[in-house]
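Dear colleague,

I am handing over the structure below for your attention.

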Amino acid sequence: MSEQIDQALARKYDAGFVSEIESETFPIGLDEDVIARLSAIKGEPEWMLEWRLKAYRTWLKMEEPDWAHVDYPKVDYQSISYYSAPKSMKDKPKSLDEVDPELLRTYEKLGIPLHEQEMLAGVAVDAVFDSVSVVTTFREKLEEAGVIFCPISEALHKYPDLVKKYLGTVVPRGDNFFAALNSAVFTDGSFVYIPKGVRCPMELSTYFRINEQNTGQFERTLIVAEEGSHVSYLEGCTAPQRDENQLHAAVVELVALDDAEIKYSTVQNWYPGDENGKGGIYNFVTKRGLCEKNAKISWTQVETGSAVTWKYPSCILKGDNSVGEFYSVALTRGRQQADTGTKMIHLGKNTKSTIISKGISAGRSNNAYRGLVRMGPGAEGARNFTECDSLLIGDQCGAHTFPYIESSNPTAIVEHEATTSKVSDDQLFLCRQRGLDPEKAVSMIVNGFCKEVFRELPMEFAVEAGKLLEISLEGSVG
Amino acid sequence: MLSIKDLHARVEETTILKGLNLEIKPGEVHAIMGPNGAGKSTLGYVLSGRDGYEVESGSVEMDGKDLLDMEVEERAQAGLFLAFQYPVEIPGVSNMEFMKESVNALREARGEKALSSAEFLKKAKEACKQVELPLDFLKRGVNEGFSGGEKKRNEIMQLIMLEPKIAILDESDSGLDVDALQVVAKGVNSQRDGKRSFIVVTHYQRLLDYIQPDYVHILSKGKIVKSGGPELAKEVEASGYAWLAEAEAEGADA
């Protein structure tokens with residue numbers, strides 16, 4: 001069976017096309033001048049530039065982390081361009097009619113029509129293309145509810161005080177190497193603000209697309225949910241198929257004030273590179289949420305893309321009775337490498353966290369779960385439950401689990417369960433004997449394995465995630 | 001319907017089937033009996049095309065087509081069904097999803113429209129009833145946490161759902177008490193319609209009290225050494241398989 005798996009791993013990446021769009025792209029390289037230019041183009045307030053430069057200076061003194069279970073050639077940060085935007089975006093289009101049709105076609109091809117009437121009812125989209133936001137839909141409707149959903153570059157103009165108040169409060173500038181780099185050079189991303197007591201009337205979603213060559217994408221997302229508010233947010237990502245590796249170093253900060261709830265779902269399908277490991281996105285992302293009293297943050301991720309993934313969406317359960325959740329499906333194949341997991345930092349009393357991680361490895365890939373559960377001294381009566389399952393397809397891939405548990409409170413309870421299984425020949429044979437072709441069989445078995453996580457995704461996206469998994473597994477058995 | 005000629009097959013380096021011949025006409029029930037290690041289960045796996053079971057020589061035709069040339073799923077789509085001796089679990093995939101995919105894959109192969117959810121559900125409920133499985137089995141993961149007897153009944157439920165042309169039952173009686181055995185047999189008998197054929201592989205005669213075979217074949221060391229009617233099974237019941245060794249010794253002398 002393993003040889004069938006081998007020959008089959010050459011699968012097509014549907015989102016791998018390049019759009020012919022005239023872009024304004026910075027020359028490669030990074031120094032304080034580049035950051036100043038970037039900040040100027042965005043017309044940012046002075047304090048923002050200062051903030052960026054401080055981050056940059058911190059970053060210069062930092063070392064790229066090497067503790068993750070991944071192996072890749074060092075990134076040359078001077079060979080990357082730190083800003084790229086479609087030229088047509090220069091004179092900010094006021095409505096969709098003024099947006100370059102080629103851009104709209106790009107999103108249509110990806111299955112994300114940006115015309116509101118064609119969209120999934122009830123989902124507002126912010127489309128980020130390379131370094132800028134192209135369009136944000138349903139803004140009026142959201143404004144009626146008092147919800148702010150706009151590119152962060154725009155929020156810096158319109159709501160500078162809000163941004164200033166929360167930016168960097170959950171992921172500080174110098175938090176880690178990639179977060180510091182992002183803080184220095186982030187270009188766009190989404191800003192979401194849900195006022196007190198408001199239940200956001202629709203799903204919010206951001207769609208990230210890297211198009212230009214030799215550019216990095218450094219988006220920054222900030223979501224603030226005021227007391228008692230509620231929001232569900234989804235991000236999706238793709239990139240063209242290129243031979244060079246491209247860097248994606250994002251930062252996402254979530255702030256859930258008392259009694260608020262944020263549900264953050266990711267369907268990540270960056271270009272994974274070819275079967276020999278050539279090309280693909282380096283996905284080095286810092287995501288973290290802060291929960292105040294009785295608040296809840298739930299991370300759900302379906303990760304199928306990227307050559308190398310380094311990502312640990314985390315929750316700081318600061319307020320008493322706050323709840324953190326992490327549901328993850330990470331699928332690697334070919335030569336993909338993923339080191340992903342979460343951190344649940346319990347500070348408040350009776351805080352609760354749940355971690356369900358499903359790792360699927362095929363081909364010659366490596367898939368690691370790395371998770372930290374920390375019970376602080378004040379975490380009286382806190383509880384964590386972790387379930388960490390790995391599924392192997394074929395015999396040349398690897399699955400690894402690195403759980404870290406630290407407890408400074410004797411009343412806290414931490415549970416950890418882990419399993420490793422294989423898609424067995426017996427299961428495949430049973431399915432095929434019942435008339436299913438091997439691909440259908442594997443995708444059904446894998447979907448069954450992921451069921452607990454898919455259940456957590458918003459409905460429309462659960463279907464999409466299932467399909468994505470199916471496409472990703474295409475050819476993983478012959 | 002199924003014509004097996006001089007079939008030799010091996011698993012890894014060991015040749016297990018050594019010149020097996022069998023002709024099965026539509027509607028016939030053939031019981032294959034024999035001691036452990038005779039190649040009974042191997043026959044089922046070779047016919048269904050399992051990886052690792054390699055045909056060395058001989059031919060198998062099903063409805064005039066070369067069965068050995070087909071992929072596992074193509075054989076299933078052509079109407080060959082194997083009820084497993086040890087059904088495997090598929091966690092998280094419900095029996096219902098599994099059967100729906102399966103039924104529709106077979107329908108698609110026959111150029112028929114997929115069943116609607118309502119049509120499917122009706123059929124599935126009936127099948128459950130036939131083998132006395134509660135309806136919540138449809139929602140449970142395939143064989144997940146099923147008892148031995150439940151797994152066997154679940155196999156027969158699938159047989160009923162999939163309506164094959166020929167069904168191979170691989171020791172569907174093993175590990176069952178008399179009550180469960182009767183349920184399994186009843187399920188199988190309900191599918192005897194004069195057209196569907198069966199190969200009933202069993203170690204014991206007991207199952208054949210409930211599923212009346214047309215022919216009984218004794219398999220030993222990869223060959224059919226004796227064929228007869230239902231009375232042959234009784235003979236085995238009375239005298240065991242020891243006589244096989246004697247017969248063989250005689251054969252060697254001659």
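This is a predicted model: local features need pLDDT of at least 70, side-chain atom pairs count only at pLDDT 80 or more; totals for chains, interfaces and linings use all residues.

The side chains of B:Glu73 and A:Arg432 form a salt bridge, with 2.7 Å from N to O. Between chain B and chain A, six salt bridges are counted.

The contact between the two chains involves 33 residues of chain B and 21 residues of chain A. About 2,100 Å² is buried between chain B and chain A, and carbon and sulfur atoms give 60% of that area. On the side of chain B, the residues that lose the most area to chain A are B:Arg50, B:Glu73 and B:Val88, which together account for 24% of what that side buries.

Turning to the aromatic residues, the structure holds 22 aromatic pairs over all chains. One of them is formed by A:Tyr77 and A:Phe177: the ring centres are 5.6 Å apart and the planes stand at 70°, so this pair is edge-to-face. A:Tyr77 belongs to the loop between α3 (46–60) and β2 (84–86) of chain A, while A:Phe177 belongs to helix α8 (residues 177–185) of chain A; the pair therefore ties together parts that are 100 residues apart in sequence. A:Tyr77 is buried, at a relative accessible area of 8%, and A:Phe177 is buried as well, at 6%.

A further pair brings together A:Phe429 and B:Phe84, whose ring centres are 5.5 Å apart and whose planes are at 80°, so this pair is edge-to-face. Because A:Phe429 lies in helix α9 (residues 425–433) of chain A and B:Phe84 in the loop between β6 (80–83) and β7 (90–94) of chain B, the pair joins two chains. A:Phe429 is buried, with a relative accessible area of 5%, and B:Phe84 counts as buried at 6%.

Ring pairs also link a cluster in chain A, which includes A:Tyr77, A:Phe177, A:Trp59, A:Trp67, A:Tyr282 and A:Trp310.

Leaving out residues up to four places away in sequence, B:Leu47 touches B:Leu2, B:Ile4, B:Val60, B:Leu67, B:Arg75, B:Leu80, B:Ile168 and B:Ile199. In soluble globular proteins, nonpolar side chains tend to be buried together.

Finally, B:Glu132 is found in the loop between α4 (117–130) and β8 (141–142) of chain B. B:Glu132 is partly exposed, with a relative accessible area of 46%. Neighbours within four places in sequence aside, B:Glu132 is in contact with B:Arg153, B:Val183 and B:Lys186. The C-alpha atoms of B:Glu132 and B:Met157 are separated by 9.3 Å, the two residues being 25 residues apart along the chain.

With kind regards

Conventions:
Residues are numbered from 1 along each chain as its sequence is written. Chains are lettered from A and ligands numbered from 1 in the order in which they are written. Side-chain values use heavy atoms; hydrogens and water are left out. Rings of Phe, Tyr and Trp (its six-membered ring) pair if their centres lie within 6.5 Å; planes under 30 degrees apart count as stacked, over 60 as edge-to-face and the rest as tilted. Helices (H or I, at least four residues) and strands (E, at least two) are DSSP runs, numbered from the N terminus. Buried means under 20% relative accessible area, exposed over 50%, partly exposed in between (1.4 Å probe, protein chains only). Contact means heavy atoms within 4.5 Å. Buried area is the accessible area (1.4 Å probe) that two parts lose on being put together, summed over both. A salt bridge is a side-chain nitrogen of Lys or Arg within 4 Å of a carboxyl oxygen of Asp or Glu.
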